[in-house]
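This report sets out selected geometric features of a single protein model.

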Amino acid sequence: MKVLLAFILALSAFTIITAEEGVVRRMEFSLLKKRATTSKITFYEDDQLNNAACYGRDGIPNYNAKPSDRIGAMSNNNMCYQCVKITNPKNKMSVVVKIIDKCEGCPKNNIDLTKSSFASIADPDDGIVKITWTGVACPSRGRFPTTEKNRNKKK
């Protein structure tokens, strides 16, 4: 077993299954990417906040985001329900958001935020800002949906 674990670690990528409040969720980590990922952020608003792609299937109700929600969208696969800490290296300000939507037009690793999330670390007039982000555990409460935690509960 130790040899197998060492082999997996040598390959640098693995999947951890964790239980959180009765829900099993999949979290992907790359051991080579312990450092923050350098990327860019943009923001979206108005009708683009409707029908978040991570919701409305698998027994999870639809979710229409509010402009004040701390949420984001990425083109990366398997990021639904994961939280990331985004830091603006120019002013050292950070925000934690939950990825709840897909951004098909976004380059890999870039994050599209609600305007309020963007404004908490950068001036919206800048439009596109260079940032770093790292995966973090989602806070138990926040300005984002948590209805996915109920998907495995019996009705």
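## Salt bridge

Lys66 is partly exposed, at a relative accessible area of 45%; here buried means under 20% relative accessible area, exposed over 50%, and partly exposed in between, with a 1.4 Å probe and protein chains only. Its side chain meets that of Asp69 in a salt bridge, 3.5 Å from N to O. Asp69, by contrast, is buried, with a relative accessible area of 3%. The structure holds 1 salt bridge, the term denoting a side-chain nitrogen of Lys or Arg within 4 Å of a carboxyl oxygen of Asp or Glu.

Both Lys66 and Asp69 are also in contact with Thr114, contact meaning heavy atoms within 4.5 Å. Leaving aside neighbours within four places in sequence, the contacts of Thr114 also include Phe43, Tyr44, Leu49, Pro67 and Ile71. Thr114 is placed in strand S7 and is buried, with a relative accessible area of 1%. Strands (E, at least two residues) and helices (H or I, at least four) are DSSP runs numbered from the N terminus.

## Model and confidence

This is a predicted model, in which local features need pLDDT of at least 70 and side-chain atom pairs count only at pLDDT 80 or more, while totals for chains, interfaces and linings use all residues. Residues are numbered from 1 along each chain as its sequence is written, and side-chain values use heavy atoms, with hydrogens and water left out.

The average pLDDT of the protein is 75, and 72% of the residues score at least 70; pLDDT is the predictor's confidence in each residue, from 0 to 100. Over residues 3-33 the pLDDT is below 50, and this stretch has 42 contacts in the model beyond near neighbours in sequence.

## Disulfides

The structure holds 3 disulfides, each a pair of cysteine sulfur atoms within 2.5 Å. With bonded cysteines counted along the chain, their pattern is 1-2, 3-6, 4-5. Cys54 and Cys80 form a disulfide with sulfur atoms 1.9 Å apart, and this link is left-handed, with -80° about the S-S bond. Cys54 lies in the loop between S3 and S4 and Cys80 in the loop between S4 and S5, so the pair ties together parts 26 residues apart in sequence. Cys54 is buried at 0% relative accessibility, as is Cys80 at 15%.

Cys83 is joined to Cys138 at an S to S distance of 2.1 Å, in a right-handed link with 105° about the S-S bond. This pair links distant parts of the chain, 55 residues apart: Cys83 in strand S5 and Cys138 in the segment after strand S8 (129-136). The disulfide of Cys103 and Cys106 has an S to S distance of 1.8 Å and is right-handed, with 65° about the S-S bond. Both Cys103 and Cys106 are buried.

## Aromatic pairs

A search of the whole structure finds 2 aromatic pairs. The ring centres of Tyr55 and Tyr81 are 5.5 Å apart and their planes stand at 80°, so this pair is edge-to-face. Rings of Phe, Tyr and Trp (its six-membered ring) pair if their centres lie within 6.5 Å; planes under 30 degrees apart count as stacked, over 60 as edge-to-face and the rest as tilted. Both Tyr55 and Tyr81 are buried.

## Positive phi angles

Lys92, although not a glycine, has a positive phi of about 65°. Lys92 lies in the loop between strand S5 (83-87) and strand S6 (94-102) and is exposed, with a relative accessible area of 63%. Asn109 has a positive phi near 75°, lies in the loop between S6 and strand S7 (111-114), and counts as buried at 14% relative accessibility.
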